[in-house]
Amino acid sequence: MSKPEMLADSTAQQIMTMIEEENRFKVGDKLPNENDLALELGVSRSTLREAIKILTTNGILEIKRGRGTFVTSNTIISSQNFSDIASGLDDLFEMRLMFEPDCAYLAAERATDEEIEIICYYGEKIEEKILSGEDRTEDEQKFHESIANATHNSFVKQFMPIIFNAIKKGVVVLTKDQDVSEDNLKDDRLIMDFIKKRNPEGARTAMRLHIIHAMERLQK
């Protein structure tokens, strides 16, 4: 692969990270204009065009003449084989197990009343989505992000793209398992309850159980 091709491929991956992990752009969203996006990514406009061509060919983006470039419903997850989605999930969830229980512990200690309200808001949104059978990915991500934010640790945010990726893949793989949904409801309620009570040990244990339950389902 030539250097320009490698650069275009790398740029395409950066755009996919914005879509899949950072949630910068959702299905139906229009990408920024060519000049602005090229400047943000630190590449030339020709490299950006090649990257967009790659993503368009793979059905990730769609160019609407006279309107711009838009994100389609064919994200990386939907364009991969199911086995590809599941690959690496064990490691992602293991990483969550090392990281998120302590986030819940610190959130229970440090969260402001307003931050607790935000955590509970997204926890309740997840419950609504589970009960109605709707996609809960975004609310799951916001729930865990709001807990991480409540740690008041400035470096925690750097780990969130990894957590977002694990949650998104996990929802795809496990969402059809009714037992998972039931576990999710119970676990999230426990996490919220302990954080509201400002019980750090309880919050840490509840988060740990939440992730372990998901890991156990992945093994089946």
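How do H2 and H3 lie relative to each other: roughly parallel or roughly perpendicular? In this predicted model, local features need pLDDT of at least 70 and side-chain atom pairs count only at pLDDT 80 or more, while totals for chains, interfaces and linings use all residues. Residues are numbered from 1 along each chain as its sequence is written, and side-chain values use heavy atoms, with hydrogens and water left out.

Helix H2 (residues 34–41) and helix H3 (residues 45–57) pack at an angle of about 100 degrees, their axes being 9 Å apart. The two helices are therefore roughly perpendicular to each other. On the scale applied here, angles under 35 degrees count as roughly parallel, over 145 as roughly antiparallel, 65 to 115 as roughly perpendicular and the rest as oblique. Axes are lines fitted to C-alpha atoms, for helices over the stretch in contact, with angles running from 0 to 180 degrees between N-to-C directions. From H2, Glu34, Asn35, Leu37, Ala38 and Leu41 meet Arg45, Leu48 and Arg49 of H3, where contact means heavy atoms within 4.5 Å. Four of the residues in this contact are nonpolar, one is polar and three are charged. For this division, Ala, Val, Leu, Ile, Met, Phe, Trp, Tyr, Cys and Pro count as nonpolar, Asp, Glu, Lys and Arg as charged, and the others, Gly among them, as polar.

Also in H3 is Thr47, which counts as buried at 11% relative accessibility; buried means under 20% relative accessible area, exposed over 50% and partly exposed in between (1.4 Å probe, protein chains only). Beyond its neighbours within four places in sequence, Thr47 touches Leu7, Ala8 and Thr11.

Taken as a whole, the protein has 11 helices and two strands, in the order α-α-α-β-β-α-α-α-α-α-α-α-α from the N terminus. These elements are DSSP runs numbered from the N terminus, with helices (H or I) of at least four residues and strands (E) of at least two. Of the 220 residues, 44% are buried.

Leaving aside neighbours within four places in sequence, Phe143 is in contact with Ile119, Tyr122, Gly123, Ile126, Asp188, Ile191 and Met192.

Glu115 lies in helix H7. Its side chain is joined to that of His152 by a polar contact of 2.8 Å, a term for a pair of N or O atoms within 3.5 Å; within protein, one must be able to donate a hydrogen and the other to accept it, and residues adjacent in sequence count only if both atoms are side-chain atoms. His152 is found in the loop between H8 and H9 and is partly exposed, with a relative accessible area of 46%. Although His152 is not a glycine, it has a positive phi of about 60 degrees.
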